[in-house]
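Reader: I would like to go through this structure and ask what stands behind each label. Please set the values against the cut-offs.

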Amino acid sequence: MLDTAIEYLRSVGPQRGEALKRELGIYTWGDLLMHFPFRYLDRTRFHSIRDIQREGEAYQLKGILRRLETVGAGRAKRLVGTLRDETGTLELVWFQGIAWLERSLVVGKPYVVYGRVSLFNGRFSIAHPEMEELTSDNAQLARTFDPIYPSTDKLSQKGLDARGLRKLMRLLLDQLTPAELPETLPDSLLSAYRLMPRWEALQKIHFPENQQELDAARRRLKFEELFFLQLRLLQIRRRRKTSSQGFIFEKVGDCFHRFYREKLPFELTQAQKRVVREIRADLRAGFQMNRLVQGDVGSGKTVIALLAMLIAVDNGFQTCLMAPTEILAQQHYTGLTELVGDLGVRIGFLSGTVKGKARKATLGALASGDMHIVVGTHALIEDTVQFHRLGLAVIDEQHRFGVEQRAALWKKGAGLPPHVLVMTATPIPRTLAMTLYGDLDTSIIDELPPGRKPINTLHFTEQHRLRVQGFMREQIAQGRQVYVVYPMIEETEKTDMLNLMAGYEALRRDFPPPQYQISIVHGKMKPADKDFEMRRFARGETHIMVATTVIEVGVNVPNATVMVIENAERFGLSQLHQLRGRVGRGAEQSYCLLMTSQKLSADARERIQTLVRTNNGFEIADADLRLRGPGNIEGTQQSGMIRLLIADLAKDGQILSAARDIAKRILEADPELMAPEHYRLREHLAAIGKEARLWSRIS
Ligand code: ADP
Ligand code: MG
């Protein structure tokens, strides 16, 4: 019954059905059932306007719409109405959808109004209230919470506004029987965790009688969603380990040992040693490695990648290291070549800019097996790149790579898929990592190399400009170097480009040649020019590097101690953290100066304060998740993996952890869920497995 096409639900029909499909992606009865309310209207009482006391509280009111007019213009344009009841008047305001509202609201008619009250200039008002014409239907107080469903203008025009959808949902639920919504969790789990039965939860999520019922229904459905997600991810991981064969790198040989003894310029940190051991164990276990290494900026991931690659070389395999930008790839290439020295390991470079003879030579050496390690950009996954025997692929800063690109790498293995090592400095909140990378094994480098001083982060506004410049001069006089970064959200954005150039010109006036040398790097430059400027800065030939976020990832100039970020309020938290990580790489005390305008939005202020307060990437990631919501965290959009209906990764961390623990325990005891008490789990997993299959293969 749940698979029945939506148009066959009573009162829907072809036209509304079409609109439901197009506007909300609701194709079947089942889809409609899973269209959960986004909030509930507490219809258990009406308030008088006089009762309104507290800002932030939601009130349901009954009154006549007395006035409706647009005021202001441009971005300040808004629609203002006045609601009156026997006790007073209240202002209603809309900033969006004005044209539509003007057409549909009628002055002089009675309405039921619901919304959160705000206090502005000493007067209460409601912005974007829920408006329903007063009818005999809704004049009576309902016993229930009324669900409010997400709808659209187009659907509203077809009578499917929040209220129309509510009626439709009632119709649907009246047709369904418990047999159509079978329980998916074992009884033992329901009772152990006091979860509402599924049939009941699906009723109550739409039509709860009170807050407690609603909470219980939500908790149950959130648990179910997260639990099956974890069950699936853990099962994929388990199967990979038991059945997906991988190359066995038996020995740790000459390359590794000689490098470790003769070339490695420092002692590895305990955390680095641990991660190398974890990788080592994977590489000889016989299954394909899929490991994510998370480590804050500067925690020393490169050398870990190199050690893993040397093990591959010791075992007669080739490896590649893929980086998201040309600059970063170049830097890895130079860095690795230097580190490896005269070990006899042949390292090559490949990117879109490598052309003609050089390209041919590299491709030839890869195909013949002459080249052991190739460092490069996306160019590495092109079809023309053939390996003789690719055994390990390292992906640096993987959030820039989509799932498809990972898949393309897979195909380049010699018979078996190569081992995959993914490195990221973008700390991912634990809850997100469990979901996004739930099928990967993760290693965490939670320790910085010794002697690093925490970066000192300070917040300044334009009026402190002279102090900031004075500080830059001081640092340069001590032989240090400075980054000045400008936002370039869209590389095509004209004003951003003008800002950058204006900033550059101003710096040239304040830091004139020949005493001061300034480099500039931005996305519009030719790669060769960018590279030239980066190198000049890296060699210490220029004092200041003016740049856009192209330097965000991975660039390593230990002598740079000051990072000035202009318009810092325009950057996201994790991006700011990444930028900050460009300094603090040497033994000197480093500084990050966040320049913003005087006035900041609440969110921007919190971002800046978070950064000033802490250097801890994981703490920052959690704040980022809280501020922006999971859909906006880098890496989650293109992956398309997180499409949760009801659970919220930013808020439901506890439910998620519990769900994961329980899933783990169950799978340990019964990997294929064959036990009779796991029958429901197996059935439901199979039912939801269709869509999951697509990406499980890939990751
Ligand atoms: P990230 O994790 O951000 O990629 P890198 O691998 O670029 O960090 O390392 C940052 C810097 O720290 C490099 O200059 C590297 O040589 C140095 N480094 C890495 N590990 C250690 C260590 N154990 N002791 C001292 N310096 C280290
Ligand atoms: Mg790095």
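This is a predicted model: local features need pLDDT of at least 70, side-chain atom pairs count only at pLDDT 80 or more; totals for chains, interfaces and linings use all residues.

Reader: Why is the pair of phenylalanine 223 and phenylalanine 227 called stacked?

Author: The ring centres of phenylalanine 223 and phenylalanine 227 are 5.4 Å apart, and a pair needs centres within 6.5 Å. The planes of the two rings stand at 15°. Planes under 30 degrees apart count as stacked, so the label follows. The structure holds 10 aromatic pairs.

Reader: What separates phenylalanine 223 and phenylalanine 227 along helix H9?

Author: About one helical turn, because the two residues are four apart in helix H9 (residues 211–243). Phenylalanine 223 and phenylalanine 227 are both buried. They also belong to a cluster linked by ring pairs, together with Tyr193 and Phe228.

Reader: What makes the pair of phenylalanine 471 and tyrosine 591 edge-to-face?

Author: The planes of phenylalanine 471 and tyrosine 591 are at 80°, and the term applies over 60 degrees. Their centres lie 4.7 Å apart, which meets the limit of within 6.5 Å for a pair.

Reader: Which elements hold phenylalanine 471 and tyrosine 591, and are the two residues buried or exposed?

Author: Phenylalanine 471 is in helix H17 (residues 465–477) and tyrosine 591 in strand E21 (residues 591–596).

Reader: How do you know that the charge of arginine 389 sits over the ring of phenylalanine 317?

Author: The charged end of arginine 389 is 4.1 Å from the ring centre of phenylalanine 317, and the distance limit is within 6 Å. The term also asks for a position within 35 degrees of the ring normal. Arginine 170 likewise lies over the face of phenylalanine 207, 4.4 Å from the ring centre.

Reader: What makes E16 and E18 the edges of the sheet?

Author: The open sheet has six strands in the order E16-E21-E20-E17-E19-E18, paired in parallel. Strand E16 (456–461) and strand E18 (518–521) each have a single partner strand, so one side of each has no neighbour in the sheet. Direction ignored, neighbouring strands are turned by 20° against each other on average.

Reader: How do you know that E16 and E21 are joined?

Author: Six bridges join the parallel strands E16 and E21, and pairing needs at least two. Threonine 461 has threonine 596 in E21 as its bridge partner.

Reader: Which helices lie across strands of this sheet?

Author: H17 lies across E16, strand E17 (481–485), strand E19 (544–547), strand E20 (560–565) and E21, and runs at about 155° to E21. Helix H18 (residues 494–510) lies across E17, E18 and E19, at about 175° to E18.

Reader: Why is the contact of arginine 680 with aspartate 187 called a salt bridge?

Author: The closest N and O atoms of arginine 680 and aspartate 187 are 2.9 Å apart. The limit is within 4 Å, so the pair qualifies. Arginine 680 is in helix H25 (residues 679–698) and aspartate 187 in helix H7 (residues 187–192), 493 residues apart. In the whole structure, 33 salt bridges are found.

Reader: What makes glutamate 278 and arginine 274 a salt bridge?

Author: Their closest N and O atoms are 3.8 Å apart, and the cut-off is within 4 Å. Glutamate 278 and arginine 274 are four residues apart in helix H11 (residues 270–283), so about one helical turn separates them. A network of salt bridges links Arg274 and Glu278 with Asp282, Arg291 and Asp446.

Conventions. Residues are numbered from 1 along each chain as its sequence is written. Chains are lettered from A and ligands numbered from 1 in the order in which they are written. Side-chain values use heavy atoms; hydrogens and water are left out. Rings of Phe, Tyr and Trp (its six-membered ring) pair if their centres lie within 6.5 Å; planes under 30 degrees apart count as stacked, over 60 as edge-to-face and the rest as tilted. Buried means under 20% relative accessible area, exposed over 50%, partly exposed in between (1.4 Å probe, protein chains only). Axes are lines fitted to C-alpha atoms, for helices over the stretch in contact, and angles run from 0 to 180 degrees between N-to-C directions. Contact means heavy atoms within 4.5 Å. A salt bridge is a side-chain nitrogen of Lys or Arg within 4 Å of a carboxyl oxygen of Asp or Glu.
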